[in-house]
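Morning, everyone. Please look at the screen while I walk you through one chain.

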Amino acid sequence: MFRNLRDEDADTRRPGVTLSVDGEACTVPSGAPVACALLQRGSIARTTGLSGSPRAPYCMMGICFECLVEIDGVPNRQACMVAAEPGMLVRRQDGHRPVPDGQGGGA
Ligand code: FES
């Protein structure tokens, strides 16, 4: 039930999941969120719409929204809340993303 986090073999026993982050293959432990792949690579998730400053996963629990990425063509996904799956295509977001029809509110 419990495992020693310092056990160096612990992660090697878990099967890896390989996904693509900005066109480069990245392998993370099974069950890890997509944000782990970004952090493992030292990648940013997005740039802001106003200043263009870089953002990366921060809270890892769905609160800060700094980890928004495009996953399999769908923008604005929270990388920390989506489990990595084999073959996922993850892309960094630059600036604003369009709001899909019917989801922007207003008239
Ligand atoms: S890292 Fe904060 S919402 Fe994903």
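Two strands pair if DSSP finds at least two bridges between them. Helices (H or I, at least four residues) and strands (E, at least two) are DSSP runs, numbered from the N terminus. A word on the source: this is a predicted model, where local features need pLDDT of at least 70, side-chain atom pairs count only at pLDDT 80 or more, and totals for chains, interfaces and linings use all residues. Residues are numbered from 1 along each chain as its sequence is written, and side-chain values use heavy atoms, with hydrogens and water left out.

Now the overview. The chain has two helices and eight strands. Read from the N terminus, the order is α-β-β-α-β-β-β-β-β-β. The chain holds 107 residues, and 32% of them are buried. Buried means under 20% relative accessible area, exposed over 50%, partly exposed in between (1.4 Å probe, protein chains only). Next, contacts, meaning heavy atoms within 4.5 Å. Take the contacts with a separation of 6 or more: 35% of them link residues 24 or more positions apart.

On to the sheets. Strands of a sheet pair through backbone hydrogen bonds, either parallel or antiparallel. Which strands make up the five-stranded open sheet? The order is β2-β1-β7-β5-β6, and the pairing is mixed. At the edges sit β2 and β6 (74–78), each pairing on one side only. From one strand to the next, the twist averages 40 degrees. Helix α2, residues 34–41, packs on this sheet. Helix α2 touches β1, β2, β5 (68–71) and β7 (89–91). The direction of α2 makes about 115 degrees with that of β2. For such angles, axes are lines fitted to C-alpha atoms, for helices over the stretch in contact, and angles run from 0 to 180 degrees between N-to-C directions.

Zoom in on β1 and β2. Strand β1 covers residues 16–21 and β2 covers residues 24–29. They run antiparallel, joined by six bridges. L19 stands opposite C26 in β2, and S20 has A25 as its bridge partner.

What is the phi of D22? Near 50 degrees, a positive value in a residue other than glycine. Most residues other than glycine have a negative phi. D22 lies in the loop between β1 and β2. D22 has 39% relative accessibility, so it counts as partly exposed.

M60 is not a glycine either, and has a positive phi of about 60 degrees. Find M60 in the loop between β4 and β5. M60 has 32% relative accessibility, so it also counts as partly exposed.

Last, the other sheet. Three strands form an open sheet in the order β4-β3-β8, again with mixed pairing. β4 (54–55) and β8 (93–94) are at the edges with a single partner strand each, so one side of each has no neighbour in the sheet. β3, residues 46–47, runs antiparallel to β4, and two bridges join them. There, T47 has P54 in β4 as its bridge partner.
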